[in-house]
Amino acid sequence: MTTSSQSGLAPDLNSSEWVGRVNGLTGWGPLSWALDASNVRSDYSRGQDYEATRYGLTLTYRINPQWRVSLIGGQESNNYVSLQQETHNTSGYGFVWTPGPRTELSATQNRRFFGDGYDVSFSHRMPLSMVTYRASRNVSFQPAGVGYTGQGSNFDAFYAIIAASNPGMAPDAVREQVTQVLQARGLPADGTVVNGYLNDRPNLQTLQQLSFALLGARNTVTLNMTESEQQPLGLANGVTNDYSLSNRTLQRGVGLIWGHQLTGLSTLSLSLTQQRSISYLENVPDSKTQGAYLLWSTRISPKTQANIGARRVIADGASSYTESALTGALSHSF
């Protein structure tokens, strides 16, 4: 995977990453193993470039159908906090608890070069709704969504709901139906509400995300809440912006989207979002952005769709502004 980002306030960044994993069983049925390897290289247009390589072995023991426990060991090498590559041993543990087919709780904790890293996730599915929570502490380079290659949190939630409601449906058919639902109700596949900011070095990120998705016959509702705290790890690279100079930056965001099927051909969606960025550096003002988005869509023919949208955005902080816009679009597929 490769990503690229450019900004006049921070050095340009080209990042490449490869990840590999091999799983296997042992002669002892409840015990399994996995080998992991990854490499991340981040090249900045000015200043220091960064590279990190990790290798790990995970042993997992299945106690019963509800519980699995894991031991993790490995090694990592990077130049995140120095000019040369430094090698560190890693160790950790984890578990997965599935008390029923609708609920899962998993957690891992690793001793890393920066201290304790962790990843905790919880999901619970009801017949037509789903709630998920995730908390993690890890190294990050890019704002949320820039290097993300998955379908998105909203896509994942509705996929789980539709797949559970149609046990015999093929995965491709489920994905197609999820895509149709999202497009018809005016919902983005990714529910990210904290957009992040470009910086000039790796960051230690502590992240929390809570999301809720409800799928009805004619209405859908999604709620996403995110809190992200970042702290720089390396030396500053050339020209930076206020937030990349801060020792710590805290971002909070919340987004609520309601989609309604007006008729068999027309839909209406309303989105309300708020994002706040807080710098702990003196004389750097907080930034808050609020937005309201209304979108009406209709299908003119099987391959032609039109929409009319209105939005209102209010931003307060170092650069305050208000925006009101009316948009229209006509799309046709061949």
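## A surface patch and the overall model

Val 22 lies in strand 2, residues 13-25. Its relative accessibility of 47% makes Val 22 partly exposed, a class that falls between buried (under 20% relative accessible area) and exposed (over 50%), judged with a 1.4 Å probe and protein chains only. Together with Leu 35, Leu 57, Leu 59, Leu 71 and Tyr 93, Val 22 forms a nonpolar patch on the surface, with about 560 Å² of accessible area. Such a patch gathers residues with over 30% relative accessible area and no salt bridge, and joins nonpolar side chains (Val, Leu, Ile, Met, Phe, Trp, Tyr) within 5 Å.

The model is predicted: local features need pLDDT of at least 70 and side-chain atom pairs count only at pLDDT 80 or more, while totals for chains, interfaces and linings use all residues. Residues are numbered from 1 along each chain as its sequence is written, and side-chain values use heavy atoms, with hydrogens and water left out.

## Overall composition

The protein contains three helices and 16 strands; these are DSSP runs numbered from the N terminus, with helices (H or I) of at least four residues and strands (E) of at least two. Of its 334 residues, 36% are buried. The protein exposes about 18100 Å², of which carbon and sulfur atoms supply 56%; areas come from the Shrake-Rupley method with a 1.4 Å probe, and for residues only the protein chains shown count as cover.

## Nonpolar cores

The largest nonpolar core has 14 residues, and Phe 158, Ile 161, Ile 162, Val 178, Leu 182, Leu 187 and Leu 215 touch the most other members. A core is a set of buried Ala, Val, Leu, Ile, Met, Phe, Trp, Tyr and Cys residues joined through side-chain atoms within 4.5 Å. Two or more residues come from each of helix 1 (153-165), helix 2 (171-185) and strand 10 (203-215), and helix 1 gives the largest share, five residues. A second, separate core of 11 residues includes Tyr 50, Val 139, Phe 141 and Leu 204.

Beyond its neighbours within four places in sequence, Leu 187 is in contact (heavy atoms within 4.5 Å) with Phe 158, Leu 182, Thr 220, Thr 222 and Ile 257. Tyr 159 also lies in helix 1, but is partly exposed at 24% relative accessible area.

The structure holds 10 salt bridges, each a side-chain nitrogen of Lys or Arg within 4 Å of a carboxyl oxygen of Asp or Glu. One of them joins Glu 76 and Arg 54, whose closest N and O atoms are 3.9 Å apart. This pair links strand 5 to strand 4 (residues 50-62) across 22 residues. Glu 76 is buried, at 2% relative accessible area, whereas Arg 54 is partly exposed, at 30%.

Another bridge, 2.7 Å from N to O, connects Arg 134 and Asp 119; Arg 134 is in strand 9 (residues 129-140) and Asp 119 in strand 8 (residues 115-125). Gln 75, in strand 5 (residues 67-78), is partly exposed at 41% relative accessible area. Its side chain makes a polar contact of 3.4 Å with that of Asn 89; a polar contact is a pair of N or O atoms within 3.5 Å, where within protein one must be able to donate a hydrogen and the other to accept it, and residues adjacent in sequence count only if both atoms are side-chain atoms.

Conventions. Patch = residues over 30% accessible without salt bridge, like charges linked within 9 Å, V, L, I, M, F, W, Y side chains within 5 Å.
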